[in-house]
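Biologist: Before we look at anything in detail, could you take me through this structure slowly and tell me how each conclusion is reached?

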Number of protein chains: 2
Amino acid sequence: MSNAPALPVHPAAKDCDPLTLGWMQGSPPPADKRIRFQDGSGYHFPQLRWSFAHYRQMVATVSVPRGLKAVTPLPQAARNLPDIRYTPMTGAGTCTWADMMEATYTDALLVMHQGEVLFEHFGGVMSPLQPHIAMSVSKSFMGLMAACLVADGVLDESQRVDHYLPELAGSGFADATVRQVMDMTTGIDYTENYADPQAEIWNHMRAGGVMPCPPGYSGPSNFYDYLKTVRKLGTHGERFTYRTANTDVLGWIVARASGQSTAQMLSQRIWQPMGAELDAYYTVDPIGTAFAGGGLNTGLRDLARFGELVRNHGLVGDQQVLPAAALADTFGGADPARFAANGPVTLPGWSYRNMWWVSHNAHGAIMARGVHGQNIYIDPKAEMVIARYASHPVAANVANDVHTLPAYHAMALALLG
Amino acid sequence: MSNAPALPVHPAAKDCDPLTLGWMQGSPPPADKRIRFQDGSGYHFPQLRWSFAHYRQMVATVSVPRGLKAVTPLPQAARNLPDIRYTPMTGAGTCTWADMMEATYTDALLVMHQGEVLFEHFGGVMSPLQPHIAMSVSKSFMGLMAACLVADGVLDESQRVDHYLPELAGSGFADATVRQVMDMTTGIDYTENYADPQAEIWNHMRAGGVMPCPPGYSGPSNFYDYLKTVRKLGTHGERFTYRTANTDVLGWIVARASGQSTAQMLSQRIWQPMGAELDAYYTVDPIGTAFAGGGLNTGLRDLARFGELVRNHGLVGDQQVLPAAALADTFGGADPARFAANGPVTLPGWSYRNMWWVSHNAHGAIMARGVHGQNIYIDPKAEMVIARYASHPVAANVANDVHTLPAYHAMALALLG
């Protein structure tokens with residue numbers, strides 16, 4: 001695939017294990033092995049191989065309690081992981097599952113088939129007790145919660161943003177509909193090119209306490225104040241453009257419509273009913289607002305449990321935990337024609353609905369995706385869920401997709417036998 | 001008792017419920033109801049009635065995982081709470097249990113008798129799922145973990161501090177013994193008068209990321225670097241003086257001797273084996289060091305479980321989780337003569353051992369205490385454990401003691417019938 005970027009030149013994953021490199025080990029860690037929020041080193045490679053599993057040690061956070069219910073078991077499958085081969089999108093040779101894991105800097109990976117654990121791996125600083133940041137996989141949680149409120153009749157997707165949030169009347173979001181926010185078809189002046197230091201995403205993250213502010217910073221100091229500054233550019237509803245600001249607007253709308261914070265809602269609607277085994281958490285801005293667009297941290301197994309909940313259209317056992325209509329709407333996707341112009345080159349024919357990436361392939365697969373390789377991949381036909389945490393040196397997911405997408409699909413085909 | 005301070009003039013507890021006052025409620029909270037780490041408002045009264053249960057929303061933290069084991073149940077007692085009366089140390093009239101709770105700004109309170117829950121209360125922003133900061137109750141966890149390492153032969157209490165920590169060779173701690181650190185009989189130039197803005201405790205807390213630094217602050221920026229600056233004053237071993245710096249030195253010694261961080265050790269030695277129901281957490285400094293002296297946050301029920309573990313000399317059921325020798329040593333206390341000069345006026349005849357307050361009364365009661373009213377009170381004779389979280393406007397515990405100590409003892413007597 002000639003449009004796919006060349007793979008970056010970085011140390012191989014096996015040569016930058018954070019424990020082996022000694023990041024943040026010792027009491028105290030040696031000066032050259034310290035990772036500090038204020039100097040931004042948590043975002044550097046290879047330091048991020050440690051920090052993605054230790055966000056709460058760098059920033060303020062809010063808990064998503066699992067509650068006191070028993071954990072929903074994840075039974076072990078009797079069969080072994082099929083021994084698959086795939087050809088990466090770059091067209092270079094034939095790779096194994098292990099090649100995919102290594103090539104994409106996998107921190108932890110879980111494959112479920114028919115509700116059972118087929119494969120589970122924890123590497124580097126990961127363990128079953130260690131949450132990892134989900135990055136923009138967080139968006140799919142927020143989008144699904146909003147879709148549930150729509151299905152419940154609590155949220156009207158056809159209303160304008162300023163109906164729910166008069167505070168945004170002067171912003172570019174004012175006359176967008178809730179649905180346009182949910183599907184990221186708003187027309188706003190906001191770029192999210194992670195390779196561009198001037199992109200609006202960075203001010204968004206500084207305001208939200210996710211990244212350190214430079215000396216003398218006098219911009220907005222919370223998510224709400226930042227979102228008010230976003231201007232309109234273009235026409236709402238015309239086409240998909242991936243912009244994190246939409247998710248934080250959606251989080252605000254959902255909080256206003258429901259009276260619950262993002263963390264409260266995730267705990268009560270999903271984390272507690274699905275029988276999570278670890279508390280999850282969000283990073284928060286200086287006034288306690290969860291970073292709906294990218295601040296969720298979970299254990300790997302709970303990410304898989306959530307994938308199963310989605311695959312089962314909201315059922316946990318025989319209990320309908322989430323409205324089936326919200327899941328049907330998500331799996332149905334949006335109009336791929338509105339996606340084509342701005343979608344990643346690795347996702348031809350896909351669409352974006354309720355903040356999920358919808359493949360429209362023959363298996364009906366959908367995906368949650370976060371920078372540096374965070375994934376939930378759900379293949380309904382193969383009854384397969386893949387949950388994955390990673391610390392790829394490249395933010396953009398096309399660097400992972402060239403391996404992960406063909407590997408995931410090959411695994412699905414093998415499971416269908 | 002004429003030496004006891006007059007009760008402070010503040011709004012009554014019932015008139016400053018943080019939910020009723022609206023602190024941090026809404027999306028966003030109104031500007032005059034926001035509590036931000038950077039402006040220090042989390043330490044103001046009445047804001048602290050919210051922030052003591054929400055530390056992680058203000059600062060970086062590290063988890064103390066409960067693990068994946070089943071929760072140890074806290075069975076309900078069949079009997080009711082005895083209807084006690086007590087006379088406060090101030091000598092003014094006769095008070096009820098409810099009077100004590102109100103007078104001391106109780107956030108949450110649990111009374112256990114013979115291993116069963118006799119009384120449980122969650123007020124304000126507290127709930128069974130909501131951790132609260134334990135303040136200096138944290139010290140008793142650290143002291144007990146150190147005592148366990150001594151009992152295990154991993155830590156030599158007669159060694160000098162600089163044996164374990166060459167980094168402190170130039171500090172006032174260098175020639176103190178580990179035991180002197182454990183019992184806070186070191187002679188160092190460090191004051192902990194919370195009413196004095198120049199007291200060393202404040203620089204200690206700024207270095208540790210527990211309090212905001214003033215503009216232009218150029219002092220130490222982690223616990224280790226702060227502890228190196230503490231000078232000697234007086235003679236080690238002569239008398240008890242309450243100084244938080246000792247606990248963070250002990251945390252450093254324990255980490256060095258064991259190879260485990262404070263949070264790892266608490267999780268593996270206590271939190272997981274005792275069957276905690278919530279993860280606990282510590283606030284951390286900018287390089288990830290747990291604040292051993294005051295940064296632990298737990299659920300109330302887990303504080304009670306820990307109290308039961310101590311009361312039972314390290315047993316959970318029939319399993320010896322902690323070495324019995326460490327508990328026997330703690331209950332035995334230290335020399336009250338070394339305590340008398342500097343102990344709180346409300347604790348006559350007490351001593352301080354392994355960072356526990358030891359009453360030497362006829363019931364053999366011991367106590368863990370934290371500013372603003374955090375307590376674990378263990379009465380072995382009455383088979384009673386009281387776990388308590390509070391947000392008293394006055395930091396010093398004498399303001400609580402005048403009510404809590406006579407109330408706790410009256411409850412113990414009533415339970416003994």
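Predicted model: local features only at pLDDT ≥ 70, side-chain atom pairs only at ≥ 80, totals over all residues.

Biologist: How do you know that the copies meet through the same surface?

Modeller: Of the interface residues of chain A, 100% are also interface residues in chain B, so the two copies meet through the same surface.

Biologist: What makes the relation between chain A and chain B that of a two-fold axis?

Modeller: Chain A is superposed on chain B by a rotation of 180 degrees with 0.0 Å of shift along its axis, and the RMSD is 0.0 Å. That is the relation of a two-fold axis. In chain A, the C-alpha nearest the axis belongs to Ala60(A), 2.5 Å from it.

Biologist: Why is Asn297(A) called buried?

Modeller: A residue is buried if 20 or more other C-beta atoms lie within 10 Å of its own, and Asn297(A) has 25 within 10 Å, so Asn297(A) is buried. Asn297(A) lies in strand E8 (residues 296-298) of chain A, and, not counting residues up to four places away in sequence, Asn297(A) touches several residues, including Tyr55(A), His132(A) and Ala280(A). Asn297(A) and Tyr282(A) are 15 residues apart in sequence and 6.1 Å apart in space, C-alpha to C-alpha.

Biologist: How do you know that the span of helix H14 of chain B agrees with what it should be?

Modeller: At 1.5 Å a residue, the 19 residues of H14(B) (residues 398-416) should span 27 Å, and the end C-alpha atoms are 26 Å apart, which agrees. Just after H14(B), Gly417(B) takes a positive phi of about 70 degrees.

Biologist: What makes H14(B) largely enclosed by the rest of the structure?

Modeller: Of the 19 residues of H14(B), 14 are buried, so H14(B) is largely enclosed by the rest of the structure.

Biologist: Which domains does the assignment give for chain A, and what separates their centres?

Modeller: The domain assignment gives domain 1 (10-48) and domain 2 (49-139 + 147-152 + 259-416) of chain A, and 25 Å separate their centres, taken over C-alpha atoms. The contact between them takes 17 residues from domain 1 and 13 residues from domain 2.

Terms used:
Residues numbered from 1 in each chain as written. Chains lettered and ligands numbered in written order. Helix = DSSP H or I, 4+ residues; strand = E, 2+ residues; numbered from the N terminus. Expected span 1.5 Å × (residues − 1). Buried ≥ 20, exposed ≤ 12 C-beta atoms within 10 Å, placed from the backbone. Contact = placed C-beta atoms within 7 Å. Domains from an automatic or database assignment. Least-squares fit on C-alpha atoms with pLDDT ≥ 70 in both.
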